Amino acid sequence: MTLCNMSIEIAYRSATVRDAAQLAEMNRCLIRDEGHRNSMDIAQLTERMTNWLAGDYSAVLFEGNGVGVGYALFRPESDHVYVRQFYVKDVFRRRGIGRAAIGWLWKNRWTESDRLRIDVLVSNVIGQEFWHSVGFREYCITMEAANAQSPIP
């Protein structure tokens, strides 16, 4: 039986700063998968994740058979929960893990708010499709422009 066909039971646990390296590695994959232009290396991503977890952010790891299959990084705001990062490893996608995680998080971690916000890159069509499928709708559009002398495309 291939990995994609295997049934997997997901457990959820709060991440701590000790999990920063594992989360940073998944964050590196998220950056690649969504086409983000973030150029941080794994050491920088680990340091950033450590700082977030030591500060205002919380994270929940999704684990199957003791192995990390995904995570959510978020923080409460005054009128919503801001989901900064949400990731499921590609080999575990399209199996209901992300949808189940959203449901678990609403019930167990996001109980103080009735609203979530997440940023999705315009070019990340697959991500947009997922978020639409779990009930998200566009709220605002963030736009940017590069200075004519800037090397940013």
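Modeller: This is a predicted model. Start with helix α3.

Colleague: What covers the buried residues of α3?
Modeller: Those buried residues are I97, G98, A101, I102 and L105. Their cover includes both strands and a helix: β1 (10–14), β2 (58–64), β3, β4 and α4.

Colleague: How far apart are the end C-alpha atoms of α3?
Modeller: The helix has twelve residues. At 1.5 Å a residue, α3 should span 16 Å. The model agrees, with its end C-alpha atoms apart by 16 Å.

Colleague: Which kind of aromatic pair do F74 and W110 form?
Modeller: The structure holds eleven aromatic pairs. In this one, the centres are 5.5 Å apart and the planes stand at 90°. Planes over 60 degrees apart count that way, so F74 and W110 are edge-to-face.

Colleague: How many residues apart are F86 and F130 in sequence?
Modeller: Their rings are stacked, because the centres are 5.8 Å apart and the planes are at 15°. F86 lies in strand β4 (residues 81–88), F130 in helix α4 (residues 125–133). So the pair ties together parts whose separation in sequence is 44 residues.

Colleague: Is F130 buried or exposed, or partly exposed?
Modeller: F86 counts as buried at 10% relative accessibility. Buried means under 20%. F130 has a relative accessible area of 24%, so F130 is partly exposed.

Conventions. Residues are numbered from 1 along each chain as its sequence is written. This is a predicted model: local features need pLDDT of at least 70, side-chain atom pairs count only at pLDDT 80 or more; totals for chains, interfaces and linings use all residues. Side-chain values use heavy atoms; hydrogens and water are left out. Rings of Phe, Tyr and Trp (its six-membered ring) pair if their centres lie within 6.5 Å; planes under 30 degrees apart count as stacked, over 60 as edge-to-face and the rest as tilted. Helices (H or I, at least four residues) and strands (E, at least two) are DSSP runs, numbered from the N terminus. Buried means under 20% relative accessible area, exposed over 50%, partly exposed in between (1.4 Å probe, protein chains only). The expected span of a helix is 1.5 Å times one less than its number of residues. Contact means heavy atoms within 4.5 Å.
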